[in-house]
Amino acid sequence: MELKLINDDGQSAASVSASDTLFGREYNEALVHQVVTAYLANARSANRAQKGRSDVAKSTRKPWRQKGTGRARGGMASSPLWRGGGKIFPNSPEENFSHKVNRKMYRAGIGAILSQLVREDRLSVVENFTVEAPKTNILARKLKDMGLNEVMIITDSVDENLYLSSRNLPRVLVVEAGHADPVSLMRFASVLITRGALTKIEELLA
């Protein structure tokens, strides 16, 4: 599998050989959906809580007598049937949202996403990607010269200048190879990988 190697002007300078297993895989929509859903679910924090009928501050007094009123019998004001009563199945902070995805499935899902990016010409390889100073303008100008607007940059190691330069650019994400997630890979219009990061990704997902 040959990937496009671009220069600082965004022009194709050469090609880089890559793994067919990782970058030449057929797109499996069901698998990609499962991997993305599991990633989003595992990122959720169970910090919401609702009150059950034993938690609401309501009187336990019977609102009216059992018989003779013509109304339905009522037990107490904390009943879930009443406004202000407790929830029947309240959400709990101990709720577990995690989804399990096998390692082989996750690797196959990432490979399917990367292969689709190559087919759509949204993935490019660069020899290295650095900025000489921690300036947002420098990085923005460099990406503009390369013809990249919304881009995810994957490097083998993120230096401080590049990290600080990218923080104020909402359409730019800089991550290390080991932290590339399926949601970001699909969300950004372009993905730029350094040659060192490409080797590291192939080792991680081999």
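Author: D121 and K4 form a salt bridge, with 3.3 Å between their closest N and O atoms. D121 sits in the loop between α3 and β3 and K4 in strand β1, so the pair ties together parts that are 117 residues apart in sequence. A salt bridge here is a side-chain nitrogen of Lys or Arg within 4 Å of a carboxyl oxygen of Asp or Glu. Helices (H or I, at least four residues) and strands (E, at least two) are DSSP runs, numbered from the N terminus.

The model is predicted, so local features need pLDDT of at least 70 and side-chain atom pairs count only at pLDDT 80 or more, while totals for chains, interfaces and linings use all residues. Residues are numbered from 1 along each chain as its sequence is written, and side-chain values use heavy atoms, with hydrogens and water left out.

For accessibility, buried means under 20% relative accessible area, exposed means over 50%, and partly exposed lies in between (1.4 Å probe, protein chains only). D121 counts as exposed because its relative accessibility is 52%. K4, at 31%, counts as partly exposed.

In general, side chains of opposite charge can pair when their charged atoms come close. A search of the whole structure gives four salt bridges. Another of them joins the side chains of E127 and R195, at 3.8 Å from N to O. E127 is in the loop between β3 and α4 (136–145) and R195 is in helix α7, so this pair ties together parts 68 residues apart in sequence. E127 has a relative accessibility of 41% and is therefore partly exposed. R195 is also partly exposed, at 32%.

Two strands pair if DSSP finds at least two bridges between them.

Strand β6 is the part to look at closely. Strand β4 (residues 151–155) and strand β6 (residues 190–194) run parallel and are joined by four bridges. I153 has L192 as its bridge partner in β6, and I154 has I193. Strands β3 and β6 also run parallel, again with four bridges. The partner of V125 in β6 is I193, the residue that is also bridged to I154.

Five of the five residues of β6 are buried, so the strand is largely enclosed by the rest of the structure. S190, L192 and T194 point one way from β6, whereas V191 and I193 point the other way.

T194, in strand β6, counts as buried because its relative accessibility is 4%. Contact means heavy atoms within 4.5 Å. With neighbours within four places in sequence left aside, T194 is in contact with V125, V126, E127, N128, F129, I154, T155 and D156. That list includes E127, whose side chain meets R195 in the salt bridge described above.

The side chains of R48 and E95 meet in a salt bridge at 3.7 Å, N to O. R48 and E95 both lie in the loop between α2 and α3, 47 residues apart. R48 has a relative accessible area of 37% and is partly exposed. E95 is likewise partly exposed, at 30%.

S59 also lies in the loop between α2 (29–42) and α3 (103–119). With a relative accessible area of 46%, S59 is partly exposed. Not counting residues up to four places away in sequence, S59 touches M76 and A77. S59 and A77 are 18 residues apart in sequence, and their C-alpha atoms are 6.4 Å apart.
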